[in-house]
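Here is a short report on one protein chain. Please keep the sequence and the model side by side while reading.

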Amino acid sequence: MLGCRGTLVRAGGRQLIRALGGGTRTPESSRPIGETGGAAGRDKTTEMVEPVTSFISPGQAKANTRMYPTLEKLGLLKRDHIRMKDLGRVEQVLTSIVAEGYSKLQLVVDFDFTLTKVHVDGQRCHCSWGIMDNSPVMPDFYREEANQLLARYYPIELDPHMTEAEKIPHMMEWYKNIHALILKCHVNKSSLKGMVSDSNIRLRDGTEELFGALHRAGVPVLVLSAGMGDVLVEVLQHFNVYTDNVKVVANFFKYNKEGVIEGFQGDAIHMFNKNENAIHSSDYFQRLEGRANVILMGDSLGDIKMAVGVPNPVNVLKIGFLNDKIEERLESFMNNFDLVLIDDQTMDVARTVLDQLK
């Protein structure tokens, strides 16, 4: 893993992390994809990820397995890090998804800290924005001004007293400003691959195997992100999971003849408007006909809306990765996601479900 310097700006502003560093290599999808890099001269403070408090799941361990045979078969009742508020609903949705198989299924997933790991060995991993933010290719003024924008808009995003409608204009303003800042840096498309290679971003353990199974079964996978699409694609390509059944909807760059970023394509995608409506005019949308079963995966409450726009959904299983502020956010996650996975850095649950499909 490379020694990181500077700050990381999480896509959508959900996370700001000060200078992270070091770690040990691990195999397969959890390995770091670069060993050198980082913006020199930045703050060297290291943030360690706090240990997760153990939670007791009242009554879940003693659930009547006769009532929940699918949950029992999948082993979901016995895992301490899994939370479910409505076991009956999860049982019904999972039973239907398994019975109807791959031909009726589609996946809708967030990218940052959903497909990717949050931490390894107590140290934070990069998100897609962190890849660029920590790259030596980016000038110091980019980090400084991005942090100023974060300090201004991030509290608005989290303000519990503001409605989503009230927040959206501020989020649009934030994206407009950060996009303008990127344009000032004159970044060339050719440098993106190196930025990704020099980062410590990692896919969750089992992601490559999960995507391999989905590709072989012809299951469409929609990756929705408020991050930078070009960077996301580079990451997916690096780990060999950007196959022809995968569609990425994010903020993609426009380039001039010299390959320098000169703008962004289409309307800005932010944390409050990313959903399947964004692909209704694309060829990908045609692949979804008859696929009324959806597995949705995200790591924020905003991600639960990603399935909005799915044509005639029948069974939607929402899996939430609860990565941070676990005690204070657990209740809201359980109220909105069917399955809540506490500090789970793997794709084991999704793979367990898919292993039952035909």
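Arginine 202 sits in the loop between α6 and α7 (207-217). This is a predicted model. Arginine 202 counts as buried because its relative accessibility is 0%, against a cut-off of 20%. Along the chain, arginine 202 and leucine 115 are 87 residues apart. Their C-alpha atoms are separated by 8.6 Å.

**The chain as a whole**

The protein chain holds eleven helices and 13 strands. Of its 358 residues, 57% are buried. Contacts between residues at least 6 apart in sequence were also sorted by separation. Among these, 73% join residues at least 24 apart.

**Helix α5**

Helix α5 covers residues 164-183. Its length can be checked. At 1.5 Å a residue, the 20 residues of α5 should span 28 Å. The end C-alpha atoms are 28 Å apart, so the two values agree.

Which residues of α5 are buried? They are Lys167, Met171, Trp174, Tyr175, Ile178, His179, Leu181 and Ile182. These residues cover an arc of only 150° around the axis, so they lie on the same side of α5. The other side of α5 has exposed residues: Ala165, Pro169 and Lys176.

**Aromatic rings**

A pair of aromatic rings is described by the distance of the centres and the angle of the planes. The whole structure contains four aromatic pairs. Two of them are set out here.

| Pair | Centre to centre | Angle between planes | Arrangement |
|---|---|---|---|
| Tyrosine 153 and tryptophan 174 | 5.8 Å | 15° | stacked |
| Phenylalanine 253 and tyrosine 255 | 6.1 Å | 80° | edge-to-face |

Take the stacked pair, tyrosine 153 and tryptophan 174. Tyrosine 153 belongs to helix α4 (residues 140-158) and tryptophan 174 to helix α5, so the pair ties together parts that are 21 residues apart in sequence. Both tyrosine 153 and tryptophan 174 are buried.

Now the edge-to-face pair. The planes of phenylalanine 253 and tyrosine 255 meet at 80°, and over 60 degrees counts as edge-to-face. Phenylalanine 253 is buried, with a relative accessible area of 1%. Phe253, Tyr255 and Phe264 form one aromatic cluster.

**Charges over rings**

Arginine side chains also meet aromatic rings. The charged end of arginine 124 sits over the ring of phenylalanine 113, 5.2 Å from the ring centre. Arginine 204 lies over the face of phenylalanine 321. Here the distance to the ring centre is 3.9 Å.

**Helix α8**

How many of the ten residues of α8 are buried? Seven are, and helix α8 (residues 229-238) is mostly covered. The buried residues are Gly229, Asp230, Val231, Leu232, Val233, Val235 and Leu236.

What covers the buried residues of α8? The cover includes the helices α3 (128-133) and α6 (192-197). It also includes the strands β7 (221-228), β8 (246-251) and β9 (253-255). After α8 comes asparagine 240. Its phi is positive, near 60°.

**Helix α2**

Helix α2 spans residues 87-100. Glycine 88 and serine 96 both belong to α2.

Glycine 88 is partly exposed, with a relative accessible area of 37%. Glycine 88 and methionine 67 are 21 residues apart in sequence. In space, they are 8.1 Å apart, C-alpha to C-alpha.

Is serine 96 buried or exposed? At 18% relative accessibility, serine 96 counts as buried, since the cut-off is under 20%. Neighbours within four places in sequence are left aside for its contacts. Beyond them, serine 96 is in contact with Asn293 and Asn315.

**Strand β4**

Aspartate 110 is part of strand β4 (residues 105-110). Its relative accessibility is 2%, so aspartate 110 counts as buried. Which residue does the side chain of aspartate 110 join in a polar contact? The partner is the side chain of threonine 114, at 2.9 Å.

Technical notes
Residues are numbered from 1 along each chain as its sequence is written. This is a predicted model: local features need pLDDT of at least 70, side-chain atom pairs count only at pLDDT 80 or more; totals for chains, interfaces and linings use all residues. Side-chain values use heavy atoms; hydrogens and water are left out. Helices (H or I, at least four residues) and strands (E, at least two) are DSSP runs, numbered from the N terminus. Buried means under 20% relative accessible area, exposed over 50%, partly exposed in between (1.4 Å probe, protein chains only). A polar contact is a pair of N or O atoms within 3.5 Å; within protein, one must be able to donate a hydrogen and the other to accept it, and residues adjacent in sequence count only if both atoms are side-chain atoms. The expected span of a helix is 1.5 Å times one less than its number of residues. The arc is that of the directions from the helix axis to the C-beta atoms. Contact means heavy atoms within 4.5 Å. Rings of Phe, Tyr and Trp (its six-membered ring) pair if their centres lie within 6.5 Å; planes under 30 degrees apart count as stacked, over 60 as edge-to-face and the rest as tilted. A charge sits over a ring if NZ of Lys or CZ of Arg is within 6 Å of the ring centre and within 35 degrees of the ring normal.
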